[in-house]
Amino acid sequence: MEKDMCKNDGEAWRVLEFYSGIGGMRYSLMKADVSAQVVEAFDINDKANDVYELNFGHRPYQGNIQNLTAAELDMYGAHAWLLSPPCQPYTRQGLQKQSSDARAFSFLKILELIPHTVKPPHMLFVENVVGFETSDTHAKMIEILANSDYLTQEFILSPLQFGVPYSRPRYFCLAKRKPLSFRCQLLNNQLLRSPSPLLGNDDMTVITKHDQPDDSWDKLLESCDPVERFLEFSNSGDQVNTETGFLSTGTAAVDDFGAAEETVEVDRCVSIDHFLVPLSLIERWGSAMDIVYPDSKRCCCFTKSYYQYVKGTGSLLATVQPKNKGKASSLKEQHLRYFTPREVANLHSFPGDFQFPHHLSLRQRYALLGNSLSIAVVAPLLQYLFAQAG
């Protein structure tokens, strides 16, 4: 493996974006204000690629990345690889097969190619679910990176730590190849739960204090914006114009398992009533629902199954606020509704001009958002990664 290629002053960083999804990583790169050019994106999901192409004017490579060779990766001349591999092998709800899960194979293959490249990337960025850090895939990743002369710093962070009322903790690995280094080298080979280094605070006392698991989350929540700041509309009289590409008209019918089915009609104005939770679903599954209010400072993580199932898939919004919040008051009277796709995108910190193609159904939009990432978290991480890199 030869010495890294040089990057000329003023030249944009050349980036490869693996598992590009609907573009959350690229938007994060843009928000981080990093001078970078995405030379190629890769994703096998054609619906995700439809969204990516609509928003960025480029369709990601849709082939099997397990078939890529070191020589092909060298041809891109990329300085950085950004990766958000499938999380299913590491989720608590899954089988936790880790590296033996077929969905982990492509990520391992990409890592195994690094020692065989003539021009290995200067930097890598990896995002995944909490739980990845204890997996055998993680152990293999760290081993490969260490043997390939990379320094690593790892984080577990949530949008709540960046003022967004959204609980979505995720694991992140930042890697730089020597002789490059991080601004705070004392954090090398450590796993942190504090965003302090990203905010320019290199005081280890402060970082360690905020890294404690029993740190006061009440104080953290108070610093978050209320949910209402992220809502598309606030009352049942409002409508949403599907010409923005965000909403398909749909009436939700719910089966005995809490799954919603939809009838889609596009290119119409959609009333908020289309997102109301049916009373039959509230009667059957009300005890399992996570209810939030416009003034709430926290809502649960939206998964790819949101709008299909209610248990553990994301919060529901009470549009009528009772005297006594919570399930002590009648849920039927609180007019519960689903967050719209635009609102879920807002909580993921996607920009206002982000759009979905009209042909995607509500269920598909929620699924794609559930597989995406928080730009509010990833942008400062990328800013920190690329800082003093050249």
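Which residue in S6 is the bridge partner of Met 123? The bridge partner is Lys 176. Strand S4 (residues 123–129) and strand S6 (residues 170–177) run antiparallel and are joined by seven bridges. Helices (H or I, at least four residues) and strands (E, at least two) are DSSP runs, numbered from the N terminus.

The model is predicted: local features need pLDDT of at least 70, side-chain atom pairs count only at pLDDT 80 or more, and totals for chains, interfaces and linings use all residues. Residues are numbered from 1 along each chain as its sequence is written, and side-chain values use heavy atoms, with hydrogens and water left out.

The average pLDDT (the predictor's confidence in each residue, from 0 to 100) is 85 for the chain. A score of at least 70 is reached by 79% of the residues. Over residues 1–5, pLDDT stays under 50. The model has 20 contacts (heavy atoms within 4.5 Å) beyond four places in sequence for residues 1–5. Residues 239–245 also stay under 50, with 25 contacts beyond four places in sequence. Where pLDDT is low, the predicted coordinates should not be read in detail.

The seven strands of an open sheet follow the order S2-S1-S3-S4-S6-S5-S7. Pairing (at least two DSSP bridges between two strands) is mixed. Strand S2 (36–42) and strand S7 (191–192) are the edge strands, each pairing on one side only.

Two helix pairs were examined by axis geometry. Axes are lines fitted to C-alpha atoms, for helices over the stretch in contact, and angles run from 0 to 180 degrees between N-to-C directions. The axes of helix H1 (residues 24–31) and helix H2 (residues 46–56) cross at roughly 30 degrees and come within 11 Å. H1 is therefore roughly parallel to H2 (angles under 35 degrees count as roughly parallel, over 145 as roughly antiparallel, 65 to 115 as roughly perpendicular and the rest as oblique). H1 contributes Arg 26, Tyr 27 and Met 30 to the contact; H2 contributes Tyr 52, Asn 55 and Phe 56.

For helix H4 (residues 105–113) and helix H5 (residues 136–147), the axes come within 10 Å and cross at roughly 15 degrees. H4 is therefore roughly parallel to H5. On the H4 side, the contact is made by Phe 107, Leu 108, Leu 111 and Glu 112. On the H5 side, Thr 137, Lys 140, Met 141 and Ile 144 take part.
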